[in-house]
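These are my notebook entries on one chain. I set down what I looked up, entry by entry.

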Amino acid sequence: MRKQLFLDLQAKILAIQNENKEPLIKFFNLWHNQINFIEQPFDTPAVFIEFDPLNYQTIAGSKDTLIELNFSLHVVSKYYPVTHSTAPADIQAQNLTFLDVAELLHSSLHQSRLPNSATIIHKSTSFDYSYSDYIQSIEHYTCIISHQANPLNFPKKITMISTD
């Protein structure tokens, strides 16, 4: 279920296009504080997903569960400092395009659905300016998903394969 959530959100987010009909997001991954520890270089804008704790509500008499899914999208862009009011208008506009990314995400995700989900709601946004080369907006979303417990079908008998 968690892997499928990741893949469904990845597909939906990577399908978003900019005004030139090009992919808006250049990189998508799980969040593990990539901005502080650049282990794998990534193109920007990038989106990293962070899953909050899942809240389960079991439906009586069945294996069906409703799950309150809260997740945050860390939208990471290169930081360009020339955004001040005295900058040439074209440079200022270009350097502020990172603000458009969160808006396009909102337009694509808010009030949309994933397979087996209720409507996705965009709850809030926060910004983090504490990095020298990057800026991030953190977009907080919620939705309810349905899930049915389905144990993996492991073979009943495990045999060892010999290489002799």
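**Entry 1: helix α3**

How many residues does α3 have, and how far does it reach from its first C-alpha to its last? I worked on a predicted model, as in every entry here. I found that α3 has twelve residues and spans 17 Å between its first and last C-alpha, close to the 16 Å expected at 1.5 Å a residue.

I then listed the buried residues of α3, which are F98, V101, A102, L105 and L109. Viewed down the axis of α3, these buried residues fall within an arc of 90°, so they line one face of the helix. On the face turned away from the buried side I noted the exposed residues E103 and S107. The cover over the buried residues of α3 includes α1, β2, β4, α2 (89-95) and β6. After α3 comes Q111, and I recorded its phi as positive, near 70°.

**Entry 2: helix α1**

I asked the corresponding question of α1: which of its residues are buried? They are L5, F6, D8, L9 and I13. Down the axis of α1 the buried residues fall within an arc of 165°, so they line one face of the helix. I recorded 13 residues for α1 and a reach of 18 Å from first to last C-alpha, close to the 18 Å expected at 1.5 Å a residue. The buried residues of α1 pack against β1, β2, β4, α3 and β6.

**Entry 3: the chain as a whole**

I next looked up the overall layout. The secondary structure comes to three helices and six strands, and from the N terminus the elements run α-β-β-β-β-α-α-β-β. Of the 164 residues in the chain, buried residues make up 34%. I noted an accessible surface of about 10,600 Å², with 53% of it belonging to carbon and sulfur atoms. Among contacts with a separation of 6 or more, 54% are between residues 24 or more positions apart.

**Entry 4: nonpolar cores**

Nonpolar side chains tend to be buried together in soluble globular proteins. Which residues have the most contacts inside the largest nonpolar core? I found I13, V47, F71, L73 and L105, in a core of 24 residues. Two or more residues of this core come from each of α1 (2-14), β2, β4 (64-78), α3 (98-109) and β6 (134-148). The largest share, five residues, is that of β4. A second, separate core has nine residues, W31, A46, F48 and Y131 among them.

For V47 I looked up the contacts, leaving aside its neighbours within four places in sequence. V47 is in contact with I13, I25, F27, F28, N29, L73, H74, V75 and L105.

**Entry 5: aromatic pairs**

I checked the exposure of both rings' residues. F27 has a relative accessible area of 17% and is buried, and F42 at 9% also counts as buried, because the cut-off for buried is under 20%. Ring pairs join F27, W31, F42, F48 and Y134 into a cluster.

Is S77 buried or exposed? I found S77 in strand β4, and at 6% relative accessibility S77 counts as buried. Not counting residues up to four places away in sequence, S77 touches T44, P45, F98, D133, Y134 and I135.

P81 lies in the loop between β4 and α2. With a relative accessible area of 53%, P81 is exposed, because the cut-off for exposed is over 50%. I also looked up the separation of P81 and Q92, which are eleven residues apart along the chain: their C-alpha atoms are separated by 9.1 Å.

Technical notes:
Residues are numbered from 1 along each chain as its sequence is written. This is a predicted model: local features need pLDDT of at least 70, side-chain atom pairs count only at pLDDT 80 or more; totals for chains, interfaces and linings use all residues. Side-chain values use heavy atoms; hydrogens and water are left out. Buried means under 20% relative accessible area, exposed over 50%, partly exposed in between (1.4 Å probe, protein chains only). Rings of Phe, Tyr and Trp (its six-membered ring) pair if their centres lie within 6.5 Å; planes under 30 degrees apart count as stacked, over 60 as edge-to-face and the rest as tilted. A nonpolar core is a set of buried Ala, Val, Leu, Ile, Met, Phe, Trp, Tyr and Cys residues joined through side-chain atoms within 4.5 Å. Helices (H or I, at least four residues) and strands (E, at least two) are DSSP runs, numbered from the N terminus. Contact means heavy atoms within 4.5 Å. The expected span of a helix is 1.5 Å times one less than its number of residues. The arc is that of the directions from the helix axis to the C-beta atoms. Accessible areas come from the Shrake-Rupley method with a 1.4 Å probe; for residues, only the protein chains shown count as cover.
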